[in-house]
Amino acid sequence: MTEQIVFYGKGGVGKSTLISHISAALVEASFKVLQIGCDPKADSCTTLNGGFSIPTLSDQLLHNRVISTETAVTRGFKGVNCIELGDAVNTGASARDSIESAFQAISRSTIIDDIRPDYVLYDISGESSSVSLLAAFRQFPVKRVFIVTTADFISLSAANGIFEVLEQFADCNIPVPLGGLIPNSITSSFEESFIADFAQNTGTHVMGRIPRSLMVRQCELYGKTVIEASPLSNQAYFYRRLANQIVDVTSTLAVKNPPRPMTREGLRLWAHEWADRLFALENGLVTDGAAI
Ligand SMILES: Nc1ncnc2c1ncn2[C@@H]1O[C@H](COP(=O)(O)OP(=O)(O)OP(=O)(O)O)[C@@H](O)[C@H]1O
Ligand SMILES: [Mg+2]
């Protein structure tokens, strides 16, 4: 049984880094994994491939209508299967058409049958509204969506926007596929509290956090994940723990209660309250972020 999992989040929050580490942790635990980078930059799987970019599906679709597993898939760290959709703008397609046709090409191909992955992980950037997310839902039986976020208002507003999209599933009586929020690059207990409170206000669930670590940057410069370059480090442990949680959450039944996105005014009010708390923290009225 192949579980299809989408990771989504605002641009730059660390999705590709995080997903590559989840892939590395899953292959290390003997699961078969296919990671699909859905970003025109085609940089999702770089740290699984020694820091090198891999051939993109868009470039191959320029020459062939049908793609084969051999040409489309690159095998990286411990045999993890990697695809980069790349930038189909070369083909004259709009961003929307290009992602849709790339997903269709994967659906029509024998890639999933040939690889028989336990998990397909899609790396989808929230930069271009929810077009790519909806295209994934149309083409694949997406079991779970995880939202990667940093502890800043813009990333959480983007998450709130995704909740509005997911609310449509509840209207259609389809189980809501939200897996949870994944806090990335966390540096303090204040940041944890901030995301936890957002989750509480939107009726969502927070997964294990990933701390901000220079080791991630260092290993990225070596062209590797932390799991490959520093397998015994604490940071590698955080990624492995998250991978376990993702496996658990994905194998359980779909969520019954949809997330409750905040209204624009509600979100503003919520932000204002946190600004007041930060003011208190900055001015020494509260000394520990954990207390707020
Ligand atoms: N936990 C972390 N600690 C420190 N640095 C991190 C962490 N996670 C990600 N980064 C760094 O943040 C930068 C951006 O990460 P990444 O490219 O994965 O973001 P992204 O969300 O995929 O961006 P985009 O939306 O542009 O595709 C990278 O240099 C990466 O090394
Ligand atoms: Mg990325």
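This is a predicted model: local features need pLDDT of at least 70, side-chain atom pairs count only at pLDDT 80 or more; totals for chains, interfaces and linings use all residues.
**Entry one: strand 4.** I began with strand 4, residues 81–84, and looked up where its side chains point: Asn-81 and Ile-83 go one way, Cys-82 and Glu-84 go the other way, and all are buried. I noted beside this that side chains in a regular strand alternate between the two faces of the sheet.

**Entry two: its partners.** I then looked for the strands that pair with strand 4, and found that strand 2, residues 33–37, runs parallel to strand 4 and is joined to it by four bridges, with Gly-37 standing opposite Glu-84. Strand 3, residues 74–75, runs antiparallel to strand 4 with two bridges, and here Arg-75 stands opposite Asn-81. Strand 3 and strand 4 form a hairpin with five residues between the strands, where I noted that Lys-78 takes a positive phi near 50 degrees.

Turning to the ligand, I listed 21 residues around ligand 1, of which Gly-14, Lys-15, Ser-16, Thr-17 and Lys-41 come nearest. I sorted the shell by type and got five nonpolar, 10 polar and six charged residues. Among the elements that each supply at least two residues of this shell are helix 1 (15–28), strand 7 (178–186) and helix 11 (234–251).

For oxygen atoms of ligand 1, I looked up a distance of 2.9 Å to an N or O atom in the side chain of Ser-16, one of 3.2 Å to a polar backbone atom of Val-13, and one of 3.2 Å to a polar side-chain atom of Asp-39. The protein covers 85% of the 640 Å² of accessible area that ligand 1 has on its own.

Note on methods: Residues are numbered from 1 along each chain as its sequence is written. Chains are lettered from A and ligands numbered from 1 in the order in which they are written. Side-chain values use heavy atoms; hydrogens and water are left out. Buried means under 20% relative accessible area, exposed over 50%, partly exposed in between (1.4 Å probe, protein chains only). Two strands pair if DSSP finds at least two bridges between them. A residue is near a molecule or strand if one of its heavy atoms lies within 4 Å of it. A polar contact is a pair of N or O atoms within 3.5 Å; within protein, one must be able to donate a hydrogen and the other to accept it, and residues adjacent in sequence count only if both atoms are side-chain atoms. Accessible areas come from the Shrake-Rupley method with a 1.4 Å probe; for residues, only the protein chains shown count as cover. Ala, Val, Leu, Ile, Met, Phe, Trp, Tyr, Cys and Pro count as nonpolar, Asp, Glu, Lys and Arg as charged, and the others, Gly among them, as polar.
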